[in-house]
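User: I would like to learn how to read a model residue by residue. Can you take me through one?

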Amino acid sequence: MAHILLLHGPNLNLLGQREPEVYGSDTLDSINMAAKKQVEAANLRFSSLQSNSEAELINAIQHAKTDNVSLIVINPAAFTHTSVALRDALLAVDIPFIEVHLSNPHRREAFRRHSYFSDVALAVVAGFGADSYRYAIDAAIKTLQH
Ligand code: CA2
């Protein structure tokens with residue numbers, strides 16, 4: 001059975017509690033629950049992880065290979081703009097991934113305009129709040145079904 005892994009980077013555990021004007025009012029739990037429902041309705045396997053630790057995210061990506069993950073949907077959060085290590089981990093496991101963001105980083109500060117992921121991602125979905133995840137998961141399911 002194809003398997004989608006949803007990964008969330010640092011501070012996304014605060015969703016719904018802080019800065020709703022930037023990131024919306026949905027909680028991470030509600031985003032994960034909606035994604036799980038979408039994936040399981042398509043008869044695929046779903047798992048998710050949020051971590052504030054770069055090492056833990058890298059370990060999860062490495063483990064995804066042995067766990068036969070078919071596609072990763074990842075919001076690297078601030079690591080988007082800093083982490084060569086996470087990029088290398090995704091390239092090393094050679095699992096296709098979709099980069100997702102709640103906000104549109106290109107509409108914000110200049111330092112958010114560079115991503116270490118976009119040029120090697122299957123696709124990027126950004127700027128739709130929690131719906132970014134819905135669109136990204138939908139695209140992941142369609143990709144695996146074709
Ligand atoms: O828009 C996104 O999804 C981001 O990946 C969010 C990151 C930011 O560094 C990226 O440039 C764009 C920040 C995530 C922080 O999450 C918070 C959630 C609630 C309250 C405060 C921070």
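## Reading the model

Analyst: Arg-134 is partly exposed, because its relative accessible area is 42%, between the cut-offs of 20% and 50%. Keep in mind that this is a predicted model.

User: Where is Arg-134 found?

Analyst: Arg-134 belongs to helix H5, which spans residues 130-145.

User: How far apart are the C-alpha atoms of Arg-134 and Ile-31?

Analyst: Look at sequence separation and spatial separation together. Arg-134 and Ile-31 are 103 residues apart along the chain, and 8.3 Å separates their C-alpha atoms.

User: Let me try another pair. How many residues separate Leu-71 and Ala-140 in sequence, and what is their C-alpha distance?

Analyst: Leu-71 and Ala-140 are 69 residues apart in sequence, with 7.0 Å between their C-alpha atoms. Leu-71 is part of strand E3.

User: Is Leu-71 buried or exposed?

Analyst: Leu-71 has a relative accessible area of 1%, so it counts as buried, the cut-off being under 20%.

User: What does the pair His-114 and Ile-72 show in sequence and in space?

Analyst: His-114 and Ile-72 are 42 residues apart in sequence, and their C-alpha atoms are 20 Å apart. His-114 lies in the loop between E4 and strand E5 (123-126). Its relative accessible area is 43%, so His-114 is partly exposed.

User: Now backbone angles. Which value does phi take at Asn-68?

Analyst: Phi of Asn-68 is near 55°, a positive value, and the residue is not a glycine. Asn-68 sits in the loop between helix H3 (54-66) and strand E3 (71-75). With a relative accessible area of 60%, Asn-68 is exposed.

User: What is phi at Asp-94?

Analyst: Asp-94 has a positive phi of about 55°, and Asp-94 is not a glycine either. The loop that holds Asp-94 runs between helix H4 (84-93) and strand E4 (97-101).

User: Is Asp-94 buried or exposed?

Analyst: Asp-94 is exposed, because its relative accessible area is 63% and the cut-off for exposed is over 50%.

User: On to polar contacts. Which partners does the side chain of Ser-51 have?

Analyst: Start with the place, then list the atoms. Ser-51 lies in the loop between strand E2 (45-50) and H3. Ser-51 is buried, with a relative accessible area of 2%. A polar atom of its side chain lies 2.9 Å from the backbone nitrogen of Ser-53. The side chain of Ser-51 also makes a polar contact with the side chain of Glu-56, at 2.9 Å.

User: Next, the ligand. Where does the ligand sit?

Analyst: Begin with the site, then the shell, then single atoms. The ligand sits in the largest pocket. There are 16 residues around the ligand, and Asn-75, His-81, His-101, Leu-102 and Ser-103 come nearest.

User: How do the residues of the shell around the ligand divide?

Analyst: Eight are nonpolar, five are polar and three are charged.

User: Which polar atoms of the protein lie by an oxygen atom of the ligand?

Analyst: On the backbone side, a polar atom of Asn-11 is 3.5 Å from an oxygen atom of the ligand. A backbone N or O atom of Ala-78 is also 3.5 Å from an oxygen atom of the ligand. From the side chains, a polar atom of His-101 lies 2.9 Å from an oxygen atom of the ligand.

User: How much of the ligand does the protein bury?

Analyst: Taken alone, the ligand exposes 510 Å², and the protein buries 94% of that.

Note on methods
Residues numbered from 1 in each chain as written. Predicted model: local features only at pLDDT ≥ 70, side-chain atom pairs only at ≥ 80, totals over all residues. Heavy atoms only, no water. Helix = DSSP H or I, 4+ residues; strand = E, 2+ residues; numbered from the N terminus. Buried < 20%, exposed > 50% of the residue type's maximum accessible area, 1.4 Å probe, protein only. Near = heavy atom within 4 Å. Polar contact = N/O pair within 3.5 Å; in protein donor to acceptor, adjacent residues only side chain to side chain. Areas by Shrake-Rupley, 256 points an atom, 1.4 Å probe, with all protein chains shown as cover. 1 Å grid on protein atoms, 1.4 Å probe; cavity = no way out; pocket = protein on both sides within 12 Å on 5 of 7 lines; lining within 4 Å. Sits in = over half its atoms within 2 Å of the grid points. Nonpolar A, V, L, I, M, F, W, Y, C, P; charged D, E, K, R; others polar.
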